[in-house]
Amino acid sequence: MIVVTGGAGFIGSEFVRQWIAEESSQLVNIDKLTYSGNLENLAAVGGNSRHHFVQADIGDQAVIEQVLHEHKPRAIIHFAAESHVDRSIHAPADFIQTNIDGTFRLLEAVRAWRAAAPKEFKFVHISTDEVFGSLPLKAAAISESAAYAPGNPYAASKAAADHLVRAYIRTYDLPAVIVHCCNNYGPFQFPEKLIPLMIARGLAGESLPIYGDGLHERDWLHVSDAVRAIRLVLAGGRIGESYNIAAGQACSNLQVVGMLCDLLDELRPQSPFKPHRQLIKHVAERPGHDRRYALNADKIARELGWQPQVSLLDGLRQTLEWYLGNKAWLENVVSGRYRQWIADNYGWRNKRS
Ligand SMILES: NC(=O)c1ccc[n+]([C@@H]2O[C@H](COP(=O)([O-])OP(=O)(O)OC[C@H]3O[C@@H](n4cnc5c(N)ncnc54)[C@H](O)[C@@H]3O)[C@@H](O)[C@H]2O)c1
C-alpha cells in the first residue's frame with residue numbers, strides 16, 4: 001500500500017494510472033480537488049479496487065493521520081501543491097498555505113504516525129527545478145547541490161517545503177528523498193500551463209500569448225518519463241538524497257510554441273487558422289520571469305539507470321494528438337463543466353470510495 005497526494009492533478013494522475021496498470025499493490029490517493037484536481041483524469045482507474053480516493057486537504061493533519069493509521073503505507077509520494085507560477089504572482093496566499101503549511105502538516109502527520117509505520121517506509125517529496133532560480137544562458141546545467149535562489153512565490157513556496165523536508169530528515173530521521181523535476185508536459189495537463197494553453201487557444205484560433213521576447217529557456221520532459229523516474233526513486237533512491245529529473249531537451253518558449261504551431265498545421269490541415277504561427281503574439285513580460293532552468297540529471301542515470309524515452313517532437317505530437325482525441329476533456333475543463341462531471345460520476349463530496 002502506498003499513499004499519493006495530489007493524485008487527481010496532472011503528474012499525480014499519471015503516477016496513479018501507471019501504478020494501477022503496472023504494479024500489484026494498493027494506492028490511496030489523497031486530493032483536495034482544487035481547480036486543478038480533476039477526477040476525470042482518473043476515469044481509467046475509477047472502477048479499480050486497488051485505487052482508493054480520499055478527498056482531503058494535506059493540511060488537515062487529523063484526517064491524514066487517520067488515513068496513515070488505517071492504511072499503513074510503505075511510502076508517500078507527495079505531489080499535492082499549488083503549481084502554477086502565474087497564479088502565484090497574482091495570489092500567493094494559497095501557495096503559502098498548501099505548499100508550505102500543507103507540507104508541514106503532512107510531515108507532522110507522518111511524524112506522529114511514524115512509530116506505527118512499516119520498517120521500509122519512505123517519503124518522496126516532489127520538488128521543481130524552479131527552486132534553484134534562473135541560470136545564465138550559457139552556464140552548465142546544475143546538479144542537486146546547487147544553491148537555492150527561488151525567483152517567484154511558487155518557487156519560494158516549493159523551496160520552503162524542500163527545506164522543511166530536509167529539516168525533518170536531519171532532525172527526526174524522516175526517511176525521505178527529494179526529486180527536482182523540470183517542466184513536464186503531456187496528456188491531462190490543466191490548460192493554464194504553456195503547452196496545453198497554446199493547444200487550446202490554437203484550436204480555437206485565438207492569439208498565442210508569449211511573455212516578452214519568448215527566449216526563456218525550459219527543459220521539457222514528457223510526464224510518462226517523469227513518473228517512471230519518480231517510481232525508480234521510490235524503489236531505489238537513497239534516503240536523504242535529492243535527484244534531478246530532466247530531459248536535456250532545452251528549448252525556448254518561442255521554439256516550443258512554434259513546434260506546436262507546425263504540428264497543428266500538419267494534424268489539422270483543414271484549419272482556417274493555418275499557418276498557426278501567425279497567431280503568436282508577444283505580450284508584456286511576466287514579473288520575476290526566470291530566464292533559464294537547466295538541471296543535470298547524471299545522478300539518477302548513474303544510480304538508478306533512468307533515461308527519458310520520449311523525444312520532445314514525438315512527445316509534443318502525442319500530446320497534441322491526445323488533446324485532439326479528447327476534446328470533451330478539454331471543453332469540460334475550459335467551460336468548468338468538469339466539476340459537474342465529478343458530481344455526475346461520483347455524486348459525493350468528502351466521501352471515500
Ligand atoms: N508540472 C510541472 O511541470 C512540474 C515540474 C516540477 C515539479 N512539479 C511539482 O509536481 C507536483 C504536481 O504538479 P502538477 O503539475 O501535477 O500540479 P497540478 O496543479 O496539476 O495538480 C496538483 C494537485 O494537487 C491537489 N491539491 C492542491 N492543493 C491541495 C491540498 N491542500 N491538499 C490536497 N490536494 C491538493 C490538486 O487538487 C491537484 O489535483 C507539484 O508538487 C509541482 O510543484 C510540477
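Modeller: The shell around the ligand holds 13 nonpolar, 11 polar and 5 charged residues. Ala, Val, Leu, Ile, Met, Phe, Trp, Tyr, Cys and Pro count as nonpolar, Asp, Glu, Lys and Arg as charged, and the others, Gly among them, as polar. The model is predicted, so local features need pLDDT of at least 70 and side-chain atom pairs pLDDT 80 or more, while totals for chains, interfaces and linings use all residues. Residues are numbered from 1 along each chain as its sequence is written, and side-chain values use heavy atoms, without hydrogens and water.

Biologist: Which residues around the ligand come nearest?

Modeller: Asp31, Ser36, Ser83, Tyr154 and Lys158, out of 29 residues around the ligand. To be near, a residue needs a heavy atom within 4 Å of the molecule.

Biologist: How much of the ligand's accessible area does the protein cover?

Modeller: 97% of the 840 Å² that the ligand has on its own. The areas are Shrake-Rupley values with a 1.4 Å probe; for residues, only the protein chains shown count as cover.

Biologist: Why do β3 and β10 stand at the edges?

Modeller: The 7 strands form an open sheet, β3-β2-β1-β4-β5-β6-β10, with parallel pairing. Strands are DSSP E runs of at least two residues, helices H or I runs of at least four, numbered from the N terminus. Two strands pair if DSSP finds at least two bridges between them. β3 (51-55) and β10 (242-245) each have a single partner strand, so one side of each is left without a neighbour.

Biologist: How do you know that β6 pairs with β10?

Modeller: 4 bridges join β6 (residues 176-181) to β10, so the pair meets the need for at least two. Histidine 180 has asparagine 244 in β10 as its bridge partner.

Biologist: What makes the pairing of the other open sheet, β7-β9-β11, worth a name?

Modeller: The pairing in this sheet of 3 strands is mixed. β7 and β11 (250-252) stand at its edges, each with a single partner strand, so one side of each lacks a neighbour in the sheet.
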